Amino acid sequence: MSDLRYVYAVCRPFEAPLQAELTGVAGSPPKLLHHGDLVAVVSAVPERDFAEEPLRAHLEDLDWLSDTARAHEKVIAALTTVTSPLPLRLATVFRDDSGVRTMIEAEHERLHTALERIAGRIEWGVKVYVDPEKTAPQGQSAAAEPTVKPATGRDYLRHKRAERQRQDTIWERAEHFARRLHEHLSRHARATRLHPPQNPALSRAPGRNVLNAAYLVDRSRSEEFVELVDRTKDEEPGLRVELTGPWAAYSFSSLDDYGQRPVEGADDRDDQGDRAAYDQGDPGAYEEQEDRR
């Protein structure tokens, strides 16, 4: 069986070499495929794993998917140190180099528009969580029952109502803080993207996620942006602010609406299977994939 072409990203030409020992998906080293004024970063992958049918089966295998996502992210991370790559979806595969070139020609204008948007910029992620342990009354865990049992049903209902009001106050304060923080950080970013709150069962992060945002920031202003976030981390008791990055501009790289989610195999990024794509070098098939994004 012949090898297929796995595409990690499209970039403008750059001079800095990639790490000599860098390997990507299926253990293959990435190479640069120049076409016109753009460069695709590709590697050879075996047809037995990445042809349409076996790939579909692999995408149901969480271990395989996680390993592939890590390898994909490793190449993107290496690219981010030398240029501003436009990441493609996890498992974007073509039959051969000719198929990759056909894609670049078909998408040339949109690729250029997206690359212009992210040039010289990187992505930072900011999340805000309500920490249930730190918002509980002093000396009591968030899940604990009152130490004194209510004497009557009315006392019990009164306690429940007071607890409900306390929780409502906590969420309102958290949402107000998150909204104010997002507005503040947005003034220091070129673009922003609000993602849905994380599912705690998938992220395994403690607390309730009330802000899950991405910020496209000039590289030259990244240190300033990090300092802005750091200054907020102890601003509100019971709220936890987390900064992730720097990443390639995943959240701003969709060819359609700049809404593509990041791929993080080992971190908190989920739903990677929905980002998988497969193409056999047919431009029509590629257009169909893009319409489904």
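Colleague: What covers the buried residues of helix H5?

Modeller: The cover includes strand E1 (3-11), strand E3 (38-46), strand E4 (86-87), helix H4 (97-106) and strand E6 (121-130). Please note that this is a predicted model, in which local features need pLDDT of at least 70 and side-chain atom pairs count only at pLDDT 80 or more, while totals for chains, interfaces and linings use all residues. Residues are numbered from 1 along each chain as its sequence is written, and side-chain values use heavy atoms, with hydrogens and water left out.

Colleague: Which residues of H5 are buried?

Modeller: In H5, which spans residues 108-118, they are Leu111, Ala114, Leu115 and Ile118. Buried means under 20% relative accessible area, exposed over 50%, and partly exposed in between, with a 1.4 Å probe and protein chains only.

Colleague: Why are these residues said to line one face of the helix?

Modeller: Seen down the axis of H5, the buried residues fall within an arc of 100°, so they line one face. The arc is that of the directions from the helix axis to the C-beta atoms.

Colleague: Why are E1 and E3 called paired?

Modeller: Two strands pair if DSSP finds at least two bridges between them. E1 and E3 have 8 bridges and run antiparallel, so they meet this condition. As for cover, 8 of the 9 residues of E1 are buried.

Colleague: Why is Phe225 called buried?

Modeller: Phe225 lies in helix H9 (residues 222-230). Its relative accessibility is 1%, and the limit is under 20%, so Phe225 counts as buried.

Colleague: Which residues does Phe225 touch?

Modeller: Contact means heavy atoms within 4.5 Å. Leaving aside residues up to four places away in sequence, Phe225 touches Trp124, Val126, Leu185, His188, Tyr215, Val217 and Leu243. Between Phe225 and His188 there are 37 residues of sequence separation, and their C-alpha atoms are 6.9 Å apart.

How values were computed. Helix = DSSP H or I, 4+ residues; strand = E, 2+ residues; numbered from the N terminus.
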